[in-house]
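Hi,

Here is the model I promised to pass on to you.

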Amino acid sequence: MAVPLFLALSSSAYSNPLSPTDLPYLIAECLSENPSILENTLMENPDILARFFKEYPSVFSAAQQNMIEHFSETVSQDLQKSTQRLFKNSPELWGKLKKNPITSGKKHIIVFLDPLCPHSMALFRDLLDLSRHSKKPLALCPHWITQHHDVNGQIIVRSLMAAHLLGKLQAYLDIILNQVGPLSAGLALTLAKQIGCDIKKFHSHMFNATTDQYLMEARSYGNQFQFPSFPTMLYQKEDLSKKDLSDQPFEMIEGRPDSLTALSKMLSR
């Protein structure tokens, strides 16, 4: 069993003090086995650790990376558990989330997005591309999370919805991804006109009761799940022979995969 690092570094832990050559190996081994021990060690022996890490910066760098990975994994596991509890307590929620997909397919991909996040916008484009070119099309269900005071984000979502309803979503998405600066309602109409949209219809779709309801529902879902960051995807390994899919386990993907190939492999698990 590994000796806690702060005990190993303590002069009272051993009758014979550790040699300078033993010390880096001991610390490296302890940190690799349990990176969270660094926090306790810093509290117990801050001076000796400071001197050690100054002399062996590579060990300190590795320890930091281990701590980051350990923290990320813990947060991800906690998020998965909290999401499972939410679906268990509200079994009807899954059905609500996968209503009105914007693409056709048997497998529903529920994705929570922030319109002001470049990774969310890029992932949305990736999912549209994947849905068009995949042998097994996806039913894409985007939920754009905005804040009450977030005027720019709401304009982005409203204009994306309008473009989708007019059959110009891909063209409009491509043009706003290259847009620099905030998107105003006037600019959204100008960009829509450039890709051949009917401006009156585009404006009507942006500002109506249906769009208002969508924004409120998406914000409500975001508040229920309390995702720490966006984008986040949820999907089920669906067995279409079963009538009730609500009890099937779901998969979760946080962030944007590096490539369409990586995204496709994840969604095919």
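Below is what I found, going from the whole chain to single residues.

First, the ground rules. This is a predicted model, in which local features need pLDDT of at least 70 and side-chain atom pairs count only at pLDDT 80 or more, while totals for chains, interfaces and linings use all residues. Residues are numbered from 1 along each chain as its sequence is written, and side-chain values use heavy atoms, with hydrogens and water left out.

The chain has 13 helices and 4 strands; these are DSSP runs numbered from the N terminus, helices being H or I with at least four residues and strands E with at least two. Of its 269 residues, 39% count as buried. Here buried means under 20% relative accessible area, exposed over 50%, and partly exposed in between, with a 1.4 Å probe and protein chains only. Among contacts (heavy atoms within 4.5 Å) with a separation of 6 or more, 67% come from residues 24 or more positions apart.

Now the interior. A nonpolar core is a set of buried Ala, Val, Leu, Ile, Met, Phe, Trp, Tyr and Cys residues joined through side-chain atoms within 4.5 Å. The largest one has 39 residues, and Leu-127, Tyr-172, Phe-202, Met-233 and Leu-267 have the most contacts inside it. Helix H8 (residues 151-165) gives the largest share of this core, 7 residues. Beyond four places in sequence, Tyr-172 touches several residues, including Leu-160, Leu-183, Ile-195 and Phe-202. Another core lies apart from this one, with 17 residues, among them Leu-86, Ile-110, Phe-112 and Cys-141.

Strand S2 (residues 138-144) is next. 7 of its 7 residues are buried, so S2 is largely enclosed by the rest of the structure. Leu-138, Leu-140, Pro-142 and Trp-144 point one way from S2, and Ala-139, Cys-141 and His-143 the other way. Strand S1 (residues 107-113) runs parallel to S2 and is joined to it by 7 bridges; two strands pair if DSSP finds at least two bridges between them. Phe-112 stands opposite His-143 in S2.

Asn-100 is exposed, at a relative accessible area of 67%, and has a positive phi of about 50° although it is not a glycine. Most residues other than glycine have a negative phi.

Which part of helix H12 is buried? Its buried residues are Thr-211, Tyr-214, Leu-215, Ala-218, Arg-219, Tyr-221, Gly-222 and Phe-225. Seen down the axis of H12, they fall within an arc of 160° (taken over the directions from the helix axis to the C-beta atoms), so they line one face of the helix. The face turned away from that side carries the exposed residues Ala-209 and Asn-223. Just after H12, Gln-226 takes a positive phi of about 55°.

Finally, Thr-211 in helix H12 is buried, with a relative accessible area of 2%. The side chain of Thr-211 reaches the backbone oxygen of His-205 at 2.6 Å. Leaving aside neighbours within four places in sequence, Thr-211 is in contact with Arg-158, Met-161, His-205 and Met-206.

Best wishes

Technical notes: Polar contact = N/O pair within 3.5 Å; in protein donor to acceptor, adjacent residues only side chain to side chain.
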